[in-house]
Amino acid sequence: MEITAWEKVKLARMSVRPTGLDYINQILDNFIEFHGDRYYGDDHAIVGGIASFGGVPVTVIAQQKGRNTKENIVRNFSMPHPEGYRKALRLMKQAEKFHRPIICFIDTPGAFCGIGAEERGQGEAIASNLAEMILLRTPILTVVISEGGSGGALALGVADRVYMLEHAIYAILSPEGFASILYKDASKAEQAAEDMKLTAQDLLNFGIIDGIVAEPQGGAHNDPQQVAENIKIILENDLKELLELPVDQLLRQRYQKFRKI
Amino acid sequence: MNLNPFRAKKYAISKIYRTRPQEIERPRDIPEGERPNVPQGIMTKCPQCGYMIYTKNLTKNNKQCQECGYYFKISAYDRVTMIIDDGTFEEYDKDLITEDPLGFPEYDSKLKRTQIKTGLADGIVTGKGKIHGIEVMLGVMEPAFFMGSMGTVIGEKLTRLFEQAIAERLPVIVFTASGGARMQEGIFSLMQMAKVSAAVAKHSEAGLLYITVLTDPTTGGVTASFAMLGDIILAEPGALIGFAGPRVIQQTIGQKLPEGFQRSEFLLEHGFVDRIVPREQLKQTLGTILKLHDNLGTEAKGLN
Ligand SMILES: [Zn+2]
């Protein structure tokens, strides 16, 4: 049965859906979380650290949703502040220094909109990630696991390979926000979801992502282990391929990947 | 469960749409000297203080109210005239228009109307010119074109500008004025943030100078990409500059925003702008900065 764009939006936001940490724990061994951006604080909406991926040391960064209200308050509903993006960049630079590949899991409604976020330069933090990631001399693999919301998602999305889960979405704005801006009516979100072309299938057709990770019937939460296994197989293949490339070629390809859009 | 992990593996090359905007004929020819957005009528009313200004004087006065100092929004071509030495501007990619990558409802007709209204194919003017005799690549966003929103054309024109600047070893100056990403081009607009930022990074890696001048308003995806990537970031006084718009923030946090929030002066105070420069001093300031970097192109050439 065909699932509509709006149904995918709802699926992607389900609280039972596996989160970044779920995949980290299933796919990677010996995960050690590191904290803080070294400037201001530690953002719980983004987790990061080092781990072993089939014996290869990697740096992993994930936007982290909570499972319930209490967890979501701690995680700020996975809406990062500038310090979250700066922590991510710090860990990515560290990965470059120690020749570790980087794996990112995107899952955010968007970067947080608030006074503190503006005071501390949300725009500058995201912009820096975009500009720095394109030059990082180590492979970067990104998977959009549920919601890829706007610049707040893209800030972990400048990668050599970008995948989406079958029912994940990736868009310029939430369908509700989009509807209120373009249709002057937030209740037209369902229509907006269709018009925006935000599904994994749309983005693959556009050539914006590299592939789709299959989910079980009904969604990833019905068999998280299988989904983790699917992600693992894809990333393992890619990593092998990318680690064999001379770094200059890797960077040329990464530039071209975004240049052609 | 027997699931194929590769429901769709690798690049689906055959399915990739052509997304690079194509050059086509402009909707109409703009007669020489006729510029869009010049206020009509003999008198123009200042929206801030209500003063009635002779339109002719307004243009002479850098589009500033002589009573209260309010800056009127300035069209891209007027900005070029204000900043670039007379007769030195060579425009690039003037006729690049969007392919409407999503086939978004009613976008095409709205585009055509805006093109006729503004005399522009899309929301930015790019090209090469001189400031006080120094060659520079210039991009100026047009606030009247879909509120300066960035879609594939702005992304492509800026990327080409930076690539050309790398090839010619020239500095780049970009005047930003944008409500953010162009909604009607969806995910393609979002990806322009990565594309332009990549070109900025390459330009920077080549040791070349990039200056941004933030004008009212600079928000959303433009702030979160090339606006904030300048080696030197200047701003016009009182410009709204931020990631999220004030209305969105107010809705999110449900409290009133402090006075002066997200204005140039606020950004200066928080360390995100190098300098606030009044409009009438912009050319002088840019000229001085360029002069102090004038060795870059030739020196690096000498090293090769
Ligand atoms: Zn006035």
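**Figure 1. Four cysteines of chain B hold the zinc ion.** In this predicted model, the zinc ion is coordinated by the SG atoms of C46(B), C49(B), C65(B) and C68(B). The distances run from 2.2 to 2.4 Å. The 4 donor atoms subtend angles of 107 to 113° around the zinc ion, so the arrangement is tetrahedral. Along the sequence, the donor residues follow the spacing C-x2-C-x15-C-x2-C. C49(B) sits in the loop between β3 (43-45) and β4 (52-54) of chain B, and C65(B) in the loop between α1 (55-60) and α2 (76-83), so the pair ties together parts that are 16 residues apart in sequence. Are these two cysteines buried or exposed? C49(B) has 38% relative accessibility and therefore counts as partly exposed. C65(B), at 2%, counts as buried.

**Figure 2. Chain B meets chain A.** Here 63 residues of chain B are in contact with 66 residues of chain A. The size of an interface is often given as the accessible area lost when the parts come together. Chain A and chain B bury about 5500 Å² between them. Of that area, 70% is on carbon and sulfur atoms. The interface also has 10 residue pairs in polar contact, both residues at pLDDT 80 or more. Which elements of chain B give two or more residues to the side that touches chain A? They are β1 (6-8), α4 (152-168), α5 (186-205) and α7 (246-253). α5(B) gives the most, with 16 residues.

**Figure 3. A salt bridge crosses from chain B to chain A.** Side chains of opposite charge can pair when their charged atoms come close. Across this interface, 2 salt bridges are found. One pairs the side chains of E156(B) and R259(A), at 3.0 Å from N to O. Both residues belong to a network of salt bridges that also includes D93(B), R160(B), E163(B) and K195(B).

**Figure 4. R79(B) is a buried arginine in a helix.** R79(B) is part of helix α2 of chain B. Its relative accessibility is 2%, so R79(B) counts as buried. What does R79(B) touch, leaving aside its neighbours within four places in sequence? Its contacts are I74(B), V140(B), F175(B), T215(B), E236(B), R279(B) and L282(B).

**Figure 5. K283(B) pairs with D85(B).** The closest N and O atoms of this salt bridge are 2.7 Å apart. K283(B) lies in helix α9 (residues 282-292) of chain B and D85(B) in the loop between α2 and β5 (90-92), so the pair ties together parts that are 198 residues apart in sequence. D85(B) counts as buried because its relative accessibility is 17%. Chain B as a whole has 10 helices and 12 strands. Of its 304 residues, 55% count as buried.

**Figure 6. Two salt bridges link parts of chain A.** D107(A) forms a salt bridge with K65(A), with the closest N and O atoms 3.0 Å apart. D107(A) is in strand β4 (residues 102-108), while K65(A) is in the loop between β3 (56-63) and α3 (69-75), 42 residues apart. At 2% relative accessibility, D107(A) counts as buried. K65(A), at 13%, also counts as buried. In the second pair, the side chains of D248(A) and R137(A) meet at 3.2 Å, N to O. D248(A) is in helix α12 (residues 247-259) and R137(A) in the loop between α6 (122-133) and β5 (140-149), so the pair ties together parts that are 111 residues apart in sequence. D248(A) is partly exposed at 45% relative accessibility. R137(A) is partly exposed at 40%.

Terms used. Residues numbered from 1 in each chain as written. Chains lettered and ligands numbered in written order. Heavy atoms only, no water. Donors = N, O, S within 2.8 Å, 3.2 Å for Na, K, Ca; no water. Tetrahedral: all angles 85-135°; square planar, octahedral: opposite > 155°, others 65-115°. Helix = DSSP H or I, 4+ residues; strand = E, 2+ residues; numbered from the N terminus. Buried < 20%, exposed > 50% of the residue type's maximum accessible area, 1.4 Å probe, protein only. Contact = heavy atoms within 4.5 Å. Buried area = accessible area lost by both parts, 1.4 Å probe. Salt bridge = Lys/Arg side-chain N within 4 Å of Asp/Glu carboxyl O. Polar contact = N/O pair within 3.5 Å; in protein donor to acceptor, adjacent residues only side chain to side chain.
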